[in-house]
Amino acid sequence: MEKPSRYLANSSTALEQLRGLIHQHESTPGTPLPTERELAETLGVGRREVRRALDVLEEEGRIWRKQGKGTFTGPTAPVTPIALQGLVQQTNMLEVMEARLQIEPGLARLAALRASPENVALMQRMLERIDNVSPDDPDLNELWDSAFHRAIAEAAGNRLMLGLFDTLDAVRREPAWQHLRELARTPAKVDRYNDHHHRIMQAIRDRQPKAAATAMREHLLDLQHALTQAIHLEDETP
């Protein structure tokens with residue numbers, strides 16, 4: 001597994017790589033994972049970032065932990081993202097947002113139609129995690145925000161679209177763009193984004209596909225506007 005730069009790596013990049021590691025053991029659930037210290041060395045991140053990524057995977061049901069025994073894979077594995085080679089170099093954050101605006105409202109609509117009680121419960125747990133994160137912790141905010149959006153994609157019940165989402169999300173989390181994402185996540189904006197998440201969740205829970213798609217689109221448009229401002233600010237900085 002290729003090690004990312006310690007300077008650039010964060011919880012989200014750790015999560016992406018851990019998904020790939022778990023996928024390698026798809027046919028052998030119950031496989032023990034390396035220790036947190038070993039994972040931190042392999043992934044090129046701190047142990048805190050590893051623990052945060054493992055928290056997401058445990059919430060999703062991808063891994064389970066036993067005190068004194070370790071961390072194990074199962075019962076399910078994530079979809080393998082489409083190959084990312086060259087995509088990051090050929091695109092930018094605004095193109096990523098355009099793609100999200102085409103895909104994610106449709107996923108929210110399908111989630112409102114198809115989400116199982118287990119899907120709804122998972123989304124609700126993700127939302128509660130987001131609500132408990134300090135707005136001043138951009139790493140953890142991004143981690144659980146991404147996990148919430150992925151839970152919606154999974155609830156849509158379309159494996160191909162889930163694979164597209166995973167690919168898009170992996171490109172979105174490119175470490176080189178981390179500073180821009182943080183500029184678009186000021187504490188005031190994070191509060192607004194969290195309000196959007198609750199609206200999306202309510203529409204899905206109430207089985208209102210049109211409202212879910214609209215709420216998701218409004219959320220992404222707001223984020224797109226914040227990223228555009230961040231890019232302009234970067235361009236004006238001497």
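**A friendly note on this predicted model**

1. Pro29 is exposed, with a relative accessible area of 55%. The cut-off for exposed is over 50%, so Pro29, at 55%, falls on the exposed side. Pro29 sits in the loop that runs between H1 and helix H2, the latter covering residues 36–43. Please keep in mind while reading that this is a predicted model.

2. What does Pro29 touch, leaving aside residues up to four places away in sequence? The answer is Thr73 and Gly74. Pro29 and Gly74 are 45 residues apart in sequence, yet their C-alpha atoms are 4.7 Å apart in space.

3. Now for the overall plan. The chain contains eleven helices and two strands. Following the sequence, the order of elements is α-α-α-β-β-α-α-α-α-α-α-α-α. The chain has 238 residues, and 50% of them count as buried. Among contacts with a separation of 6 or more, 74% come from residues 24 or more positions apart.

4. H1 and helix H3 (residues 47–60) have axes 8 Å apart and pack at an angle of about 55°. H1 and H3 are therefore oblique to each other, and their crossing is right-handed. On the H1 side the contact is made by Ser11, Ala14, Leu15, Leu18, Arg19 and Ile22, while H3 brings Glu49, Arg52, Ala53, Leu54, Val56, Leu57 and Glu60. Sorted by class, the contact of H1 with H3 has eight nonpolar, one polar and four charged residues.

5. The second pair is H7 with helix H10 (residues 187–205), whose axes come within 12 Å and cross at roughly 20°. H7 and H10 are therefore roughly parallel to each other, and the crossing of H7 and H10 is left-handed. H7 takes part through Asn141, Asp145, Phe148, His149 and Ile152, and H10 through Val190, His197, Ile200, Met201 and Ile204. In the contact of H7 with H10, six residues are nonpolar, three are polar and one is charged.

6. Charged pairs deserve a paragraph or two. Side chains of opposite charge can pair when their charged atoms come close. How many salt bridges does the structure hold? There are 22 salt bridges. One of them joins Arg62 and Glu60, with 3.4 Å between the closest N and O atoms. Are Arg62 and Glu60 buried or exposed? Both Arg62 and Glu60 are buried.

7. Another salt bridge pairs Arg172 with Glu142, where the closest N and O atoms are 3.3 Å apart. Arg172 belongs to helix H8 (residues 159–172) and Glu142 to helix H7 (residues 138–155), so the pair ties together parts that are 30 residues apart in sequence. Arg172 and Glu142 are buried.

8. Asp169 forms a salt bridge with Arg173, and here the closest N and O atoms are 3.1 Å apart. Buried means under 20% relative accessible area, so Asp169, at 7% relative accessibility, counts as buried. Arg173 counts as buried too, at 5% relative accessibility. Which residues are linked in a network of salt bridges? Glu16, Glu142, Asp169, Arg172, Arg173 and Arg181 are linked in this way.

9. Asn10 lies in the segment before helix H1, which covers 11–23. Asn10 is buried, with a relative accessible area of 4%. Not counting residues up to four places away in sequence, Asn10 touches Val45, Glu49, Asp139, Glu142, Gln178 and Arg181. Glu142 and Arg181, both touched by Asn10, are also part of the salt-bridge network.

10. A last point concerns the backbone. Most residues other than glycine have a negative phi. Arg207 is not a glycine, yet has a positive phi of about 60°. Where does Arg207 lie? Arg207 is found in the loop between H10 and helix H11 (209–236). With a relative accessible area of 39%, Arg207 is partly exposed.

Methods:
Residues are numbered from 1 along each chain as its sequence is written. This is a predicted model: local features need pLDDT of at least 70, side-chain atom pairs count only at pLDDT 80 or more; totals for chains, interfaces and linings use all residues. Side-chain values use heavy atoms; hydrogens and water are left out. A salt bridge is a side-chain nitrogen of Lys or Arg within 4 Å of a carboxyl oxygen of Asp or Glu. Buried means under 20% relative accessible area, exposed over 50%, partly exposed in between (1.4 Å probe, protein chains only). Helices (H or I, at least four residues) and strands (E, at least two) are DSSP runs, numbered from the N terminus. Contact means heavy atoms within 4.5 Å. Axes are lines fitted to C-alpha atoms, for helices over the stretch in contact, and angles run from 0 to 180 degrees between N-to-C directions. Angles under 35 degrees count as roughly parallel, over 145 as roughly antiparallel, 65 to 115 as roughly perpendicular and the rest as oblique. A crossing is left-handed if the near helix is turned anticlockwise from the far one by less than a right angle, and right-handed if clockwise. Ala, Val, Leu, Ile, Met, Phe, Trp, Tyr, Cys and Pro count as nonpolar, Asp, Glu, Lys and Arg as charged, and the others, Gly among them, as polar.
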